[in-house]
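I opened a notebook page for this structure. These entries record what I looked up.

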Amino acid sequence: MERDKVIFDIIEREHQRQKKGIELIASENFVSDEVMQAMGSCLTNKYAEGYPGHRYYGGCQVVDEAETIAIERLKQLFGAEWANVQPHSGAQANMAVFLAVMKPGDKFLGLNLSHGGHLSHGSAVNFSGLVYQPLEYNVTPDTNLIDYDMLEEVARREHPKLIIGGASAYSREWDYARIRRVADEVGAIFMFDMAHPAGLIAAGLLDNPVKYAHIVTSTTHKTLRGPRGGVIMMGKDFENPFGKKNNKGELRMMSSLLDSAVFPGVQGGPLEHVIAAKAVAFGEALQPSFKEYQMQVKKNAAVMAQALIDKGYKIASGGTDNHCILLDLRGKFPELTGKVAERALVAADITANKNMVPFDTRSPFLTSGIRLGTPAITTRGAKEELMGEIVEMIDTVLQNVDNESVIKSVREKVNSIMNEYPMFAY
């Protein structure tokens, strides 16, 4: 069979784009060779509906071992009692939780998408907002920190079945204990989606929501630096408080409900090659070097945020506790949209994404902000001194969004700098 030159040329062009550029999208990272090898392995050939030891297909004895190792490593990493590693994505992990704990039309409470929340936490165009009844809490106008008073007020008034913590563009630590107290008071289940800071949490640099939440979901490909996928965990099992029963009329334990919600509820056969890659990534995250990497991610983000502030930029919440920076362009360039800023930065081979900022006056297609993150650039070996250079280049581009010659000059500088940084150095 002839090699598919068209597709493999595209893959090589993408490889070069990644190598030559500065990757600042907060939800992206670079995986190790071993993670990539596991994803490209012969395990992709195996169908394995069900769970280890209880499959609907024969010949699963080998992939059962890999999935069991992934589960045990994940539990060790976060101190969980139970885990499911089959979700194809974070959104599908969240979908499974919704299916397990709610009925269509039930109320749930999550962070407003335009204030840093996530699509699968109640957006009107997502399954979560289409099938269930979403309620919102915000950040405060003055600090851009989570408005826990509002969360409590809405929860006490509406009595949601589920309260969700977690965000896609929030740079501060969460008060897990307070949310759990509210959930217990109103009889709700507390789910935390730690997709973004999971790697920092695994390294012990941020508090661990598994100690507080009933259920925790995550992706595996952001700060956790694994393949693209999702997971679900619990610190301890419990009976479903909303009365779902098995065919014997007995209340089912939540682990059984969640397993059934993933398969056959929202997915068919698991991706065993991806699960093996997850196991490799979890093993890497259990090594001492992973904590050193996460410490550098956090340092780099703090230095970058301060350098932006020193340049006159406004940072939502005034800084960062994790890997993420939400830049409100209105503080320095009131007329500049996130869409235009993203396009200009990408043209300079600095990849970032436009993002809504709290109390944004523009649409999600334009936005008034851009989101930056340090996981990927840190994986390539970048330290604090490079963060200042990156901010200088960002500032130059944003001051010259229509000047092709300036943008070209910055791009050449970016490409020259990144020649010195291998794809996976940390």
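How do the residues of the lining of the largest pocket divide into nonpolar, polar and charged? I worked from a predicted model, and in it I found nine nonpolar, 17 polar and six charged residues in that lining.

**Entry: the largest pocket**

I looked up its volume and noted about 740 Å³ of space. I then checked the 32 residues that line the largest pocket; Leu-113, Gly-117, His-118, Leu-119 and Ser-168 are the closest to its centre. Two elements, α4 (90-101) and β14 (353-355), each give two or more residues to this lining.

**Entry: the second largest pocket**

For the second largest pocket I noted about 630 Å³ of space. It is lined by 19 residues, and those closest to its centre are Gln-18, Asn-29, Phe-30, Val-31 and Met-36. Here α1 (5-20) and α2 (33-39) are the elements that give two or more residues to the lining. The largest share, five residues, comes from α1. By class I recorded eight nonpolar, five polar and six charged residues in the lining of the second largest pocket.

**Entry: helices α6 and α7**

I next looked at helix α6 (residues 148-158) and helix α7 (residues 176-186), whose axes come within 10 Å and cross at roughly 10°. Angles under 35 degrees count as roughly parallel, and α6 and α7 are therefore roughly parallel to each other.

Which residues meet between α6 and α7? On the α6 side I listed Tyr-148, Asp-149, Leu-151, Glu-152, Ala-155 and Arg-156, and on the α7 side Arg-178, Ile-179, Val-182, Glu-185 and Val-186. The residues of this contact divide into six nonpolar, no polar and five charged.

Conventions. Residues numbered from 1 in each chain as written. Predicted model: local features only at pLDDT ≥ 70, side-chain atom pairs only at ≥ 80, totals over all residues. Heavy atoms only, no water. Axes fitted to C-alpha atoms, helices over the stretch in contact; angles between N-to-C directions. Helix = DSSP H or I, 4+ residues; strand = E, 2+ residues; numbered from the N terminus. Parallel < 35°, antiparallel > 145°, perpendicular 65-115°, else oblique. Contact = heavy atoms within 4.5 Å. Nonpolar A, V, L, I, M, F, W, Y, C, P; charged D, E, K, R; others polar. 1 Å grid on protein atoms, 1.4 Å probe; cavity = no way out; pocket = protein on both sides within 12 Å on 5 of 7 lines; lining within 4 Å. Points joined across faces, edges and corners; volume = space filled by probe spheres on them.
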